[in-house]
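Here is a friendly briefing to read beside the structure. Keep the model open and find each residue as you go.

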Amino acid sequence: MDEKPKRSIAIKIPAAPPSKETIFNLITFTVFGIDKRNAVLNRPRIRITTLLGLSFFGGAAGGLIAMYIFRHKTKKNYFAVGLPLMIVMQTVVVFFLMNVK
């Protein structure tokens, strides 16, 4: 018997380039991971102001995720409370900018 080849429907979805926010969150996530590794290996650390600055200027979500994945800075109030507040602030700013005429 001749079997007919199965037809498959392939839908190609064009890949959108990552947004600036996504890139900034990935950078912040990576920097938190590097700082955690440096802490474990007793190497020079990344300054707290650098971590908070990256979070403040767009990487708060990446910083918050990294905090709990790497279990890093979770007991520091300025991270445990500050990063969620930064996320709220960044969300408000985005909604405001979207609705400005």
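Ten residues make up the largest nonpolar core: V31, F32, L51, L54, A60, A66, M67, F79, L83 and M86. A nonpolar core is a set of buried Ala, Val, Leu, Ile, Met, Phe, Trp, Tyr and Cys residues joined through side-chain atoms within 4.5 Å. This is a predicted model, in which local features need pLDDT of at least 70 and side-chain atom pairs count only at pLDDT 80 or more, while totals for chains, interfaces and linings use all residues. Residues are numbered from 1 along each chain as its sequence is written, and side-chain values use heavy atoms, leaving out hydrogens and water.

- α2 provides the largest share of the core, five residues.
- M67, one of the core residues, touches F32, H72, K73, T74, F79, A80 and L83, not counting residues up to four places away in sequence. Here, contact means heavy atoms within 4.5 Å.

**Helix α1**

- N25, T28, V31, F32, G33, D35 and N38 are the buried residues of α1. Buried means under 20% relative accessible area, exposed means over 50%, and partly exposed is in between (1.4 Å probe, protein chains only).
- These buried residues of α1 pack against α2, α3 and α4.

- Is D35 buried or exposed? D35 counts as buried, because its relative accessibility is 0%.
- D35 is found in helix α1 and touches R45, I46, L51, H72 and K73, not counting residues up to four places away in sequence.
- A search of the whole structure finds one salt bridge, meaning a side-chain nitrogen of Lys or Arg within 4 Å of a carboxyl oxygen of Asp or Glu.
- R45 forms a salt bridge with D35, and the closest N and O atoms are 3.1 Å apart. R45 lies in the loop between α1 and α2 while D35 is in helix α1, so the pair ties together parts that are ten residues apart in sequence.
- Side chains of opposite charge can pair when their charged atoms come close.
- R45 counts as partly exposed, at 42% relative accessibility.
- The side chains of D35 and H72 are joined by a polar contact of 2.6 Å. A polar contact is a pair of N or O atoms within 3.5 Å; within protein, one must be able to donate a hydrogen and the other to accept it, and residues adjacent in sequence count only if both atoms are side-chain atoms.

**Loop residues to look at**

- N42 follows α1 and has a positive phi, near 55°, although N42 is a residue other than glycine. N42 is in the loop between α1 and α2 and counts as exposed, at 71% relative accessibility.
- R71 also has a positive phi, about 50°, without being a glycine. R71 lies in the loop between α2 and α3 and counts as exposed because its relative accessibility is 70%.
- F70 lies in the loop between α2 and α3 (77–80) and is partly exposed, with a relative accessible area of 27%.
- F70 touches F29, F32, G33 and K36, not counting residues up to four places away in sequence.

Terms used. Helix = DSSP H or I, 4+ residues; strand = E, 2+ residues; numbered from the N terminus.
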